[in-house]
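Here is a short briefing on charged pairs and on one helix. Read it alongside the sequence and the model.

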Amino acid sequence: SPPRLATSKFKPLSRGSACSAVQAMAGTEDARPPPALPWTVRLQFAALSLAHRPDGSVRRFLFSLGDLHAAARPRPDASGVRSADVTVDASRGLWARVFSPSSAADAPVPVVVYFHGGGFVLFSAASRPYDAFCRRLCHGLGAVVVSVNYRLAPKHRFPAAYDDGVDVLRYLDTNGLPADLAVPVDLSRCFLAGDSAGGNITHHVAQRWSAMTTTASPSSLRLAGVVLIQPFFGGEERTEAEVTLDKVGPSLSMVVTDAYWREFLPEGATRDHPAARVCGERVELAEAFPPAMVVVGGLDLLKGWQTRYVEALRGKGKPVKVVEYPDAIHGFHAFPEIADSGKLVGDIKLFVDERRPTKS
């Protein structure tokens, strides 16, 4: 197995050591055996596979049968987390689910704005795996988590999801969070986070917000960091990881990722569209783009593009913390029965805690 790259401490690397770490992450791919997964995880991925046609497109009726939703729960659950839904823009069905600790905190807690995955075309903030994961984040981080229910492709193609993400930040900046939260919040310690397509959205929303908010246009909501969990990036060429890891794990294949891009990108666009190909010198990054944590799975066929993304950020002088789980498949975070899922929450907490404001 390739080595785990990041220590738990956030240490910006020198250019030489950064390049070495990124090259180690990319590595030379050997044929990898299928990962050993709990039967419950394999069963869920088998059901998801049945919801896709041979060309990767989604059988939406079949998918809807398995996409069970959880209702918001105003009463605290066993871990002390409660949730409520907030309407951002009823005209386009834009809303968010707010998860908050039920016990009072000694100091204002950070806010994590979360974007779910699903190739831009599947799931919602109410989908059970994401409701459960955001509850775990809320409890594990001691933060308020705002899970965004953005509009989905193909009905709403690029840039609808990005527009929705920015508008949720605008809403929070203007209106704040519900007044009945049991804890005070600190919007100057706002983090964006997301997995897969949600990781892609996290990058683009962070870039837009960072470019919009300057000293000339102050905002109470400030981005303290971004967490990209196995972000969904791509391009027309095939990386070594895409070729060697295609279908190794049960969660993703090139046929499926290609179909997702076809449904999300503007009609006629290729995968080299700037929404997908976020690497190289042409990547635009605002001066205020925040520190990033990028999570990579050793068995994720997208990790080659994630490596290039890290290179692009570091090439422009942005601090990046890379955490790799060598045996992780794409989407591992959503399954608490996978040990790395619990480790991930702990690693995110370290990153968030390291962004605490220094006392003067």
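Which residues of α8 are buried? They are Met254, Val256, Thr257, Asp258, Ala259, Tyr260, Trp261, Glu263 and Phe264. Note that this is a predicted model. A search of the whole structure turns up 20 salt bridges. Side chains of opposite charge can pair when their charged atoms come close.

**Helix α8**

- In α8, 9 of the 11 residues are buried, so the rest of the structure largely encloses this helix.
- The cover over the buried residues of α8 includes α3 (60–66), α5, α6 (197–212) and α7.
- Asp258 is among the buried residues of α8, with a relative accessible area of 13%.

**Arginine 238 and aspartate 258**

- Aspartate 258 forms a salt bridge with arginine 238, and the closest N and O atoms are 2.6 Å apart.
- Arginine 238 sits in the loop between β6 (223–229) and α7 (240–245), and aspartate 258 in helix α8 (residues 254–264), so the pair ties together parts 20 residues apart in sequence.
- Arginine 238 is partly exposed, at 33% relative accessibility.

**Arginine 92 and aspartate 167**

- A salt bridge links arginine 92 to aspartate 167, with 2.4 Å between the closest N and O atoms.
- Arginine 92 belongs to the loop between β1 (81–89) and β2 (94–101), and aspartate 167 to helix α5 (residues 160–175), so this pair ties together parts that are 75 residues apart in sequence.
- Arginine 92 is partly exposed, with a relative accessible area of 24%.
- Aspartate 167 is buried, with a relative accessible area of 18%; the cut-off for buried is under 20%.

**Lysine 349 and aspartate 353**

- Lysine 349 and aspartate 353 meet through their side chains in a salt bridge, at 3.2 Å from N to O.
- Both residues lie in helix α10 (residues 339–353), 4 residues apart, which means about one helical turn separates them.
- Lysine 349 is partly exposed, at 30% relative accessibility.
- Aspartate 353 is also partly exposed, at 24%.

- Which residues do salt bridges with shared partners join into one network? The members are Asp89, Arg92, Arg151, Asp164, Asp167 and Arg170.
- The network takes in Arg92 and Asp167, which form the 2.4 Å salt bridge described above.

Key:
Residues numbered from 1 in each chain as written. Predicted model: local features only at pLDDT ≥ 70, side-chain atom pairs only at ≥ 80, totals over all residues. Heavy atoms only, no water. Salt bridge = Lys/Arg side-chain N within 4 Å of Asp/Glu carboxyl O. Helix = DSSP H or I, 4+ residues; strand = E, 2+ residues; numbered from the N terminus. Buried < 20%, exposed > 50% of the residue type's maximum accessible area, 1.4 Å probe, protein only. Contact = heavy atoms within 4.5 Å.
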